[in-house]
Amino acid sequence: MDQKVGTEPPFQEVGESTASRAAPRPATATFPEIFQQHARFLWRALMNLGVPSHDAQDLCQEVMVTVHRRLPEFDGRSLRGWLYGICVRVARDYRRSARVRREVPHDELPAARMEANQPELLERSERLARVLRALEQIDEDKRTAFVLYEVEELTLAEISEAVGAPLQTVFSRIKAAREALRLELDVAGTTRAGGARETG
Amino acid sequence: MKRVESEIELERLLASDDAELVASVSALRERGPDAAELATLASRLTFQGIDVTPQSAPAARGTWKKWALGGAGGLSAAMLWLGLRALPPAVSSAPGQAAFALATAASPPGSGLAQPPLVGSLGSPGARALAEPAAPKEQIGEVAAAPSIAESATTAPPEDAPPASTSRAEPRPEAAAIGALPTARPTSSAAPARAGASGVGLPSPSAADAPTEIELLRDARWALRQAPARALDFTDQHARLYPQGKLTQERELIAITALVALGRRTAALSRGTAFERAFPASPYRKQVGELLQ
């Protein structure tokens, strides 16, 4: 699926005639279409923007309710930029509020206990834990730009729309995030007790 | 959205072959909800009156009707919820209405049959009739109607029913599932026994007859309007049957609303405070906050 284009293809149901494929795309997707196509990724983005998994569902619901409420005012230009803009703001407000239950990222490891006997899974869990700890160390603007570009694969223009910063600024933040992460991962690699992995 | 050359150039500059970076990004990309969690989210949005089931173009109402009658239990539930919200409240202050009103719908409580926009987009005339019961007695019958609609689907599941999701392993799976039609209730049974039964004074139902979370809370919310004490019976029943329920926040919101409607401010305050502590990120925290004022 081409993720780089601003508008998403309309939801196609089994049984729709092919004639409708040729029809001009609607300017705006409907809410159910948006939910079906994007909810999973917005949830993922919330987590990678620093929302712990135990609160991610609540916040994703909040994002969806906001999307639903504000969809009528969407100008139809960049859907993903608009969606992720809401996501970024919700995540930011959450992290800044007093109600955040701060927990160490290691508890994010999915069912780590089941992976003890499976080295590849264990390694993947460890890598995830490493990068999450590293992400926690870099500042929010850089982290956001990095997550949206690398993980969610938004275009620079979409990120620009989502965070309200110029293209060049977004570019700089991504570069800076990568360098900062590299540093954090290197430090983590060299300080790991008995670590046998090569870093870099 | 047109991409300007400078954007393309910048993205070219960002090309990287850093293996560690690629592996880390790959790990981040694997995070996210599983199917059950998404289904729960879908249920909770449906519970708020926000439909998440895709439909074909508005012209194709026949298709929608097939879904409604073919046992899309979650969709029928959503209709009933929306129908509920459009009815005039029995109590003038209608805290229950405030708790679940959609921001866009914004039909004031006293607006009678003014339908929020979503109902319009869902409604084929036959289905709309289901959403407009006239009197309390009929309303209870309304609630029973939904199970029997869904029942026809349990014997012959719709051909595009989703594969059994992991949530089926739970006491009662949610009605709404992402990526497909809302699932019919899998063991819908004894609908007349449920309809109108508050559960109080009756022997506890066996697992096979147990109402789903959505059914219980739908009954609870329905009762909020005319009989808040009865709403509390339903929420107590939900808490007993589903101590780790997916719709726990929704239950608590209904219970707190009922307590406020009953004038039991101390109990409401204590339960509301517990809610705020347990669910600091809740999408309902604003409603709870308002109820406690």
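Gln249(B) is buried, with a relative accessible area of 6%, where buried stands for under 20% with a 1.4 Å probe and protein chains only. This residue sits in helix α13 of chain B, residues 248–261; helices here are DSSP runs of H or I, at least four residues, numbered from the N terminus. This is a predicted model, in which local features need pLDDT of at least 70, side-chain atom pairs count only at pLDDT 80 or more, and totals for chains, interfaces and linings use all residues. Residues are numbered from 1 along each chain as its sequence is written, chains are lettered from A in the order in which they are written, and side-chain values use heavy atoms, without hydrogens and water.

With Asp58(A), the side chain of Gln249(B) makes a polar contact of 2.8 Å.

In contact are 56 residues of chain A and 55 residues of chain B. Between them the chains bury about 5100 Å², 63% of it on carbon and sulfur atoms; this is the accessible area (1.4 Å probe) lost on being put together, summed over both. In chain A, Phe35(A), Gln36(A) and Gln61(A) lose the most area to chain B.

Six salt bridges also link chain A and chain B, each a side-chain nitrogen of Lys or Arg within 4 Å of a carboxyl oxygen of Asp or Glu. One of them joins Glu153(A) and Arg29(B), at 3.8 Å from N to O.

Definitions and conventions
Contact means heavy atoms within 4.5 Å. Buried area is the accessible area (1.4 Å probe) that two parts lose on being put together, summed over both. Helices (H or I, at least four residues) and strands (E, at least two) are DSSP runs, numbered from the N terminus. Buried means under 20% relative accessible area, exposed over 50%, partly exposed in between (1.4 Å probe, protein chains only). A polar contact is a pair of N or O atoms within 3.5 Å; within protein, one must be able to donate a hydrogen and the other to accept it, and residues adjacent in sequence count only if both atoms are side-chain atoms.
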